[in-house]
Amino acid sequence: MEALALPSLNSLTISCSNLKKGSFSNFPRSLNHSKFYEQSTLKFSPLHGTHRHHFNVVKMQSDSEDYELKQMRDMAAAKKRWDSLIREGKVKVLMPREAGYAVQLSDKTLLDVRPSIEHKKAWVKGSTWIPIFEVDDKLDPGTLSRKVTSFMMGGWWSGVPTVSYNSRFLSEVQEKFPKDADLILACQKGLRSLAACEILYNAGYRNLFWVQGGLDAAEEEDLVREGPQPLKFAGIGGLSEFLGWTDQQRIAGAKEGWGYRLVYSARLIAVFIFADALFIGVQQLARYVQELRSH
């Protein structure tokens, strides 16, 4: 796995905007950022607190920039390898509609590599689900720090969770499919499935097909869907989904009409009312605390 030197990716939304600090820290080699978090801890002493604070802030910014540069380099290197796989014909490209035809009219298997948070919303009928990444539910300090960072860097809006590489991905595929099996790999946006294609090709699989654009690019008639939501909605979440401010929901709203839009308008008004009530409550609590101190 380490020979692949694949970049840290987040359930590209999984979109490229989610390639932030703390994303996909274990794919496929562990990137230990405990040193970064230790260095970013601000320590103060009575005599040198200001200087130490300044030093740690500068150090934290420097480490953050170095990490982002490494992310960019790793991503660029991975993209070159993936482009080479496609250009040399080692991985064939299918559009979502072509993938639907292949699944229905032949014995090709659609291998869904999305994490459970996306798969449980919608999946292709008859597909096999083996995630290449899974939601990281560990509660150790390092994971908690990554979760907080991910949330602060936009997870609250997009709903994208912190995920880690599924170390059993290759072994689970090998248990279910021989090396000569025809496999169509799909994820939500097409990036993680390309990474999965590289892993499987290096393991000896030669009949690999990649769904370009992922399930986000599929229309409802392209694939036979199962699950409570449209395939395009499986990758959205957070406050943006609640308010209906994602591209997928806007397109659906244009088709559905005013009834659809009114639902999300009501939610937006509810958020403003809640925020206003919370602000007033905080002000009243501050006044109450001030009155107690004055007495």
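This is a predicted model: local features need pLDDT of at least 70, side-chain atom pairs count only at pLDDT 80 or more; totals for chains, interfaces and linings use all residues.
The side chains of Gln 188 and Asp 216 are joined by a polar contact of 2.7 Å.

Gln 188 is placed in the loop between β7 (183-186) and α7 (191-202). Its relative accessibility is 0%, so Gln 188 counts as buried, the cut-off for this class being under 20% relative accessible area. When neighbours within four places in sequence are left aside, the residues in contact with Gln 188 include Arg 114, Glu 118, Gly 213, Gly 214 and Leu 215. Lys 232, Ala 234 and Gly 235 are also among them.

**The protein as a whole**

The secondary structure comprises 10 helices and 9 strands. The protein has 295 residues, of which 43% count as buried. Its accessible surface comes to about 16400 Å², and carbon and sulfur atoms account for 59% of that area.

Helix α3 spans residues 96-105, and its residues Pro 96, Ala 99, Gly 100 and Ala 102 are buried. These four lie on the same side of α3, because they cover an arc of only 165 degrees around the axis. In an α-helix there are 3.6 residues a turn, so residues three or four places apart point the same way. The cover over the buried residues of α3 includes β1 (91-94), β7 and β8 (208-211). On the face turned away from the buried side, α3 carries the exposed residues Tyr 101 and Leu 105.

**Salt bridges**

The count of salt bridges comes to 12.

| Arg 81 | Glu 198 | 2.6 Å |

The salt bridge between Arg 81 and Glu 198 links distant parts of the chain, for Arg 81 is in helix α2 (residues 49-87) and Glu 198 is in helix α7, 117 residues apart. Arg 81 counts as partly exposed at 25% relative accessibility, whereas Glu 198 is buried, with a relative accessible area of 5%.

Arg 225 is partly exposed, with a relative accessible area of 30%, and Glu 220 is partly exposed, with a relative accessible area of 38%.

**A nonpolar patch on the surface**

Leu 285, Tyr 288, Val 289 and Leu 292 make a nonpolar surface patch of about 390 Å². Leu 285, one of these residues, is placed in helix α10 (residues 258-294). Leu 285 has a relative accessible area of 53% and is therefore exposed, since that class begins at values over 50%.

Key:
Residues are numbered from 1 along each chain as its sequence is written. Side-chain values use heavy atoms; hydrogens and water are left out. Patches are made of residues with over 30% relative accessible area and no salt bridge: like charges are joined within 9 Å, nonpolar side chains (Val, Leu, Ile, Met, Phe, Trp, Tyr) within 5 Å. Accessible areas come from the Shrake-Rupley method with a 1.4 Å probe; for residues, only the protein chains shown count as cover. A salt bridge is a side-chain nitrogen of Lys or Arg within 4 Å of a carboxyl oxygen of Asp or Glu. Helices (H or I, at least four residues) and strands (E, at least two) are DSSP runs, numbered from the N terminus. Buried means under 20% relative accessible area, exposed over 50%, partly exposed in between (1.4 Å probe, protein chains only). A polar contact is a pair of N or O atoms within 3.5 Å; within protein, one must be able to donate a hydrogen and the other to accept it, and residues adjacent in sequence count only if both atoms are side-chain atoms. Contact means heavy atoms within 4.5 Å. The arc is that of the directions from the helix axis to the C-beta atoms.
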